[in-house]
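Biologist: I have not looked at this one before. Can you walk me through it, one topic at a time?

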Amino acid sequence: MSQPVPFPPSLWASVTPKRPPSPALEGETKADVAIVGAGFTGLSTALALAERGRRVVVMEAAEVGWGASGRNNGQVIPTMTGAEPDGMAQRFGTVGERFAQLVSDSAANLFDLVRRLDLKCEAEQTGWFQPAHSPGRVKLSAARVEAWARRGAPVRLLDADETARLCGSRDWYGGMLNTSGGHINPLAFARGLAEAAVAAGATLHENSPVRSVERTPAGWVVATAKGRVVADQVMMAANGYCDWFEPGLAPRLARSLVPVLSWQMATAPQPEAVRAAVLPGRQALSDTHGDLRFFRWDARGRLVSGGALIVPFNGAERLKALVGRRLAGIFPQMGVPAFDFVWNGRIGMTGDRMPRFHRVADGLWAWVACNGRGVALSTALGPVFADAIEGKAEADLPVPLTPVRPYPFHAVAKLVAPAMLAWYRYKDGREPS
Ligand SMILES: Cc1cc2nc3c(=O)[nH]c(=O)nc-3n(C[C@H](O)[C@H](O)[C@H](O)COP(=O)(O)OP(=O)(O)OC[C@H]3O[C@@H](n4cnc5c(N)ncnc54)[C@H](O)[C@@H]3O)c2cc1C
């Protein structure tokens with residue numbers, strides 16, 4: 001690839017100050033650790049390792065935050081979408097319990113990092129709220145509050161009246177509030193992390209798509225078109241985009257997740273009266289629907305929301321109508337808003353909604369498939385992978401390492417996955433059994 005890859009248009013791309021570009025990799029260099037991908041995972045791992053005095057080289061195919069990290073809703077959420085904390089512990093024992101704790105602490109960890117590094121990313125630790133869209137889901141919220149509270153999370157079950165006051169809407173029946181969550185401008189956070197990692201001593205190369213990662217007697221060789229890094233260890237942090245630039249780079253990893261397009265949208269700035277009536281406490285909100293309802297205010301008075309589609313044809317226009325009607329229904333104070341930005345990005349999904357963590361080979365690490373909840377988690381994983389790379393015993397890590405298991409009919413799964421939305425909508429209309 002000779003031309004720089006354009007940065008995808010979005011609200012965040014339009015409002016976030018740029019950082020000076022880092023030079024593409026040329027020639028040969030040595031490192032303790034080579035990192036593929038400059039999203040939250042790659043950058044937080046680079047930061048943790050550089051702060052510990054390791055020589056780290058990060059190679060990014062496009063620009064910092066080009067992938068999911070620069071395009072997401074910016075909700076800092078200390079839970080997973082499907083995997084419940086008790087289920088994590090039952091399935092993976094002590095390691096699963098540690099993983100639940102890592103997730104539970106992940107939002108507080110992100111905001112602590114923002115404060116420690118003084119990152120200018122419009123961070124607001126206003127809480128994350130998961131309202132329940134049916135009476136049966138309130139029971140689910142109560143069970144979740146109980147399970148997360150046992151792990152020390154600052155959670156509380158809100159009744160219908162408290163929920164209506166928090167949301168500015170009577171659409172929900174109660175829900176779980178976690179005060180450690182909130183929201184950020186994700187691209188500003190990614191760019192800030194990059195600056196912090198470089199300041200700590202990491203080397204960053206943008207416009208440097210990695211073509212191959214090979215083990216040689218000299219160490220791992222990570223090659224781009226014009227350069228190579230010889231490293232003791234490698235972190236594959238390309239996640240849901242690991243086959244985007246170089247389909248042959250990690251084909252088994254790419255087939256171990258199913259990429260699904262998530263659409264994001266930002267309204268025009270809303271009048272003060274609407275801002276005071278809708279989510280007046282500025283929490284981040286994602287509810288219990290499978291066809292998720294999610295919203296948060298940005299720093300300029302735009303409501304940042306989005307939706308999903310089975311068929312992406314004419315997606316932006318169809319979503320403006322669909323999500324506009326939905327918002328007006330939930331928040332009559334707002335009416336049907338105009339949207340200034342619509343964009344999308346890839347989310348890596350798995351059948352059991354659990355992320356996958358891998359020691360692919362001796363000295364080669366990876367994780368994939370955030371299942372839509374990776375802002376806080378991928379940031380928390382930096383020090384975890386730094387520990388793993390520095391030799392912490394597998395049994396002492398807070399993530400369950402599993403073998404890479406590609407889906408057997410991956411091409412079919414990719415085609416069918418968006419249609420799951422119809423199933424989610426069907427289930428959304430019924431109480432959980
Ligand atoms: C639209 C959308 C909305 C979301 N909303 C939320 C949310 O509100 N809250 C939440 O918790 N989670 C959300 N997520 C998930 C969250 O954004 C991700 O889990 C997180 O950003 C993953 O970070 P990452 O660094 O692992 O991957 P990415 O940010 O995708 O980074 C991977 C990087 O690897 C690079 N790359 C790929 N191939 C190569 C190569 N060959 N060589 C070099 N570099 C390469 C890519 O360019 C990319 O920059 C959302 C995701 C999407 C897509």
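**The ligand and its surroundings**

Modeller: A polar backbone atom of Y241 lies 3.5 Å from a nitrogen atom of the ligand. That is a polar contact, meaning a pair of N or O atoms within 3.5 Å; within protein, one must be able to donate a hydrogen and the other to accept it, and residues adjacent in sequence count only if both atoms are side-chain atoms. This is a predicted model, where local features need pLDDT of at least 70, side-chain atom pairs count only at pLDDT 80 or more, and totals for chains, interfaces and linings use all residues. Residues are numbered from 1 along each chain as its sequence is written, and side-chain values use heavy atoms, with hydrogens and water left out.

Biologist: Which residues come nearest to the ligand?

Modeller: T41, E60, S69, Q75 and N239, out of 37 residues around the ligand. A residue counts as near if one of its heavy atoms lies within 4 Å. For E60, a polar side-chain atom is 2.6 Å from an oxygen atom of the ligand. In the side chain of N72, an N or O atom is 3.0 Å from a ligand oxygen.

Biologist: What is the shell made of, by class?

Modeller: It has 16 nonpolar, 17 polar and 4 charged residues. Here Ala, Val, Leu, Ile, Met, Phe, Trp, Tyr, Cys and Pro are nonpolar, Asp, Glu, Lys and Arg are charged, and the others, Gly among them, are polar. Elements that each supply at least two shell residues include α2 (40-51), β12 (258-267) and α11 (375-389). Helices (H or I, at least four residues) and strands (E, at least two) are DSSP runs, numbered from the N terminus.

Biologist: Back to Y241. Is it buried or exposed?

Modeller: Y241 is buried, because its relative accessible area is 9%. Buried means under 20%, exposed over 50%, and partly exposed in between (1.4 Å probe, protein chains only). W244 is partly exposed, at 43%.

Biologist: Which residues are in the ring cluster with Y241?

Modeller: Ring pairs join Y241 with W66, W244 and F245 in a cluster. Rings of Phe, Tyr and Trp (its six-membered ring) pair if their centres lie within 6.5 Å; planes under 30 degrees apart are stacked, over 60 edge-to-face, and the rest tilted. By this rule there are 10 aromatic pairs. Y241 and W244 are edge-to-face, because their planes are at 70 degrees, with ring centres 5.4 Å apart.

Biologist: New topic. Where is A132?

Modeller: In the loop between β4 (128-131) and α5 (135-149). A132 is buried, because its relative accessibility is 0%. Leaving out residues up to four places away in sequence, A132 touches R137, V138, S141, W172, Y173, G174, G175 and T288. Touching means heavy atoms within 4.5 Å.

Biologist: And what about S180?

Modeller: S180 sits in the loop between β6 (175-178) and β7 (182-183). The side chains of S180 and N178 make a polar contact at 2.7 Å. S180 is also buried, at 7% relative accessible area.
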